[in-house]
Amino acid sequence: MSYPQQPVPLRQEIDAWSDNPENKRQVDLFLLALHQFQNIDPREQYSYFQIAGIHGSPIVPWGECLPPQTPNEGYCNHNSTLFTTWHRPYLTLYEERIRGLMKEIAKEYPNPKEYEEAAETWRLPYWDWAELKQRDDVPYPIYDVPLLVQPPTISVNGPHGAVKLDPNPLARFVVPDDLSFGELGVFGWIYKGEEYPFNICHSTGRYLPPYDPSDPVVNTKWKHGYVDDIAVRNALNTHPDPSTKISLRDWVYRIIHNLTFDKFTTTLLNVDGQPIRGNTMSLEGVHNSIHDYTGGFLTGTGHMSWVLVSAFDPIFWLHHSNIDRLFAIWQTLHPLAWFKDRTEQLRDPGSYYIPRLFLPTPTTELHPFRVTPGGRFYTSDDIRNWYPLNYSYTELQPWLEKYKVDGKFDEGIYYDDVVAQVKKLYGPDIQTFLPPKPPPVIPTQELQHPDYIVDITYNRYELRKGAPYRMYVFLGPAENDEDPRTWPNSKRLVRTLYTFSNPKQDDSYCANCDRQMMSGVLSTGQIPLTNSLLAHIANKNLPLASLDRDPVRDYLKNNLRWAVTTVSSVLL
């Protein structure tokens with residue numbers, strides 16, 4: 001990888017960025033531009049609706065005449081080796097569209113030069129959901145929704161004075177002209193009697209209540225938008241007792257230790273009849289869970305929970321900016337890791353532009369994103385290095401003087417400093433695992449005890465029409481086995497995995513043929529147990545005294561349990 005020695009603009013953590021008074025002009029411009037962007041005629045190609053719709057619904061070509069290569073799928077690549085690389089140019093398209101609007105708005109201010117400079121150096125902020133934040137209403141650090149996202153309305157300094165934006169364009173997206181999503185081709189779903197009528201929505205929502213057409217309050221929330229960011233906060237933190245949870249910090253730290261690109265990037269499993277070996281905690285896996293926690297974990301649902309409509313929620317873009325950041329950090333620490341040899345490659349489940357069971361390579365085109373207007377499409381090789389796309393992240397600034405020796409860039413010093421930053425942000429409070437030895441790896445202390453992990457292999461398309469579902473792992477029975485909605489409050493809950501699969505629109509396709517075709521495509525994930533076991537050891541009322549293999553094996557035989565529910569927490 002080549003490292004720039006001249007600064008490029010940074011994507012910054014949104015709370016730190018918005019809290020810095022020096023960024024006030026950028027914050028105002030960003031919110032004004034996003035508001036304007038969201039109000040562009042949704043039928044226009046470069047409107048917010050159409051660009052968000054690339055990800056999934058309404059399942060139409062964008063900027064090309066390509067017919068769908070896989071039925072009922074949007075352009076996005078999930079459960080795919082292309083997961084991280086496809087989303088990189090997607091974010092760049094979104095970022096450039098907003099920055100262009102910011103530049104136009106900047107010209108209207110009395111002091112346009114200062115605002116034009118602010119617009120030129122702005123880059124899309126990221127939401128680091130794995131960074132513990134101090135909040136005034138909680139006595140200890142927590143994971144939380146960004147502060148700029150939370151207000152339902154927000155005031156900014158516009159070119160002609162104070163402007164109140166209603167709604168806050170980071171809180172939710174309202175379709176212009178009083179149109180519903182359904183009038184623009186977005187459909188809803190019904191599964192096992194549960195209805196998810198995204199077609200009636202005029203606005204995005206988080207934690208929408210279970211749909212009941214006879215309840216006027218519920219109808220209003222679905223049609224006109226409802227956001228419960230306290231519920232998002234609770235889901236991110238999972239348990240009321242912070243000492244028992246498997247933290248997002250630990251999850252991210254483990255993911256970054258993955259040595260191979262396929263295991264790092266995707267939940268997709270190449271089934272060869274052998275047991276899972278090594279670290280299969282993927283970036284896509286934790287990404288799926290954040291979609292679940294943000295959209296509607298257990299007590300509701302929302303656009304972020306569903307692949308085809310998730311990109312309409314403005315928080316999607318802050319989430320995926322962080323996914324790209326973690327990808328860039330991982331690339332910096334594992335610069336030689338990339339796609340495997342084609343004979344070892346993972347078959348793709350398919351998308352709008354990729355046929356099912358296609359073998360992607362680093363030169364596979366990433367539709368519909370073009371290097372230049374009307375030119376060729378980007379490939380993974382094209383965007384492997386993000387610096388030429390003219391952005392970087394706070395932790396990745398190789399041009400700084402501290403990385404130079406005798407005036408020349410020293411890659412070793414840079415590498416060590418990125419490692420130190422990662423450990424400071426995400427290093428586990430208890431050293432629970434040892435990464436593989438071959439370089440490059442993040443150095444850690446030697447283990448003083450074994451590390452225990454649950455390996456999970458699952459069929460993402462198991463349910464009828466490919467409906468998404470949620471998997472739970474417990475150490476001991478849940479306190480209320482009859483009501484899964486209470487499970488997040490159970491101290492026995494270790495963690496959940498979410499499939500984030502894409503349900504089919506109707507029965508017009510051959511469901512049995514589809515299932516047979518996908519029968520060899522499985523997914524994988526891991527849930528760490530060690531921290532939970534340590535919490536059980538600390539509880540003198542539980543019969544576990546140490547992390548030695550024999551007592552832990554016996555304890556897990558008697559206490560390790562799992563369960564599966566629908567998105568709306570119906571036990572399967």
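What you see is a predicted model, in which local features need pLDDT of at least 70, side-chain atom pairs count only at pLDDT 80 or more, and totals for chains, interfaces and linings use all residues. Residues are numbered from 1 along each chain as its sequence is written, and side-chain values use heavy atoms, with hydrogens and water left out.

Let's begin with the protein chain as a whole. It has 16 helices and 16 strands; these are DSSP runs numbered from the N terminus, with helices (H or I) of at least four residues and strands (E) of at least two. Of the 572 residues, 59% are buried, where buried means under 20% relative accessible area, exposed over 50%, and partly exposed in between, using a 1.4 Å probe and protein chains only. Look next at contacts, meaning heavy atoms within 4.5 Å. Among those between residues at least 6 apart in sequence, 70% join residues at least 24 apart. The accessible surface of the chain comes to about 22,900 Å², and carbon and sulfur atoms account for 52% of it; such areas come from the Shrake-Rupley method with a 1.4 Å probe, and for residues only the protein chains shown count as cover.

Now for some strands. Strands of a sheet pair through backbone hydrogen bonds, either parallel or antiparallel. Here, two strands count as paired if DSSP finds at least two bridges between them. Two bridges join S6 to S15 (residues 522–528), and leucine 268 stands opposite serine 523 in S15.

A hairpin is found elsewhere: S2 and S3 form it, with two residues between them. S2 (residues 154–158) and S3 (residues 161–165) pair in the antiparallel sense over five bridges, and isoleucine 154 has leucine 165 of S3 as its bridge partner. In a regular strand the side chains alternate between the two faces of the sheet. In S2, Ile154, Val156 and Gly158 make up a covered face, while Ser155 and Asn157 make up an uncovered one.

Six of its six residues are buried, so S14 is largely enclosed by the rest of the structure. Five bridges join S14 to strand S13 (residues 469–475), and the two run antiparallel; arginine 470 has tyrosine 498 in S14 as its bridge partner. Threonine 496 lies in S14 (residues 493–498) and counts as buried because its relative accessibility is 2%. Leaving aside neighbours within four places in sequence, threonine 496 is in contact with residues including Trp251, Ser289, Tyr293 and Ile527. Trp251 is one of the buried residues of helix H8. Nine of the nine residues of H8 (residues 248–256) are buried, so this helix is largely enclosed by the rest of the structure.

Finally, turn to the largest pocket, which has a volume of about 490 Å³. Its lining counts 22 residues, of which Tyr46, Leu93, Arg370, Val371 and Tyr378 lie nearest its centre. Helix H4 (83–106) and strand S7 (365–370) are the elements that give two or more residues to this lining, and H4 gives the largest share, six residues.

Terms used
On a 1 Å grid over the protein atoms alone, a cavity is a set of points where a 1.4 Å probe fits but cannot get out, and a pocket is an open set with protein on both sides within 12 Å along at least five of seven lines; lining residues have an atom within 4 Å of a point. Grid points are joined across faces, edges and corners, and a volume is the space filled by probe spheres set on the points.
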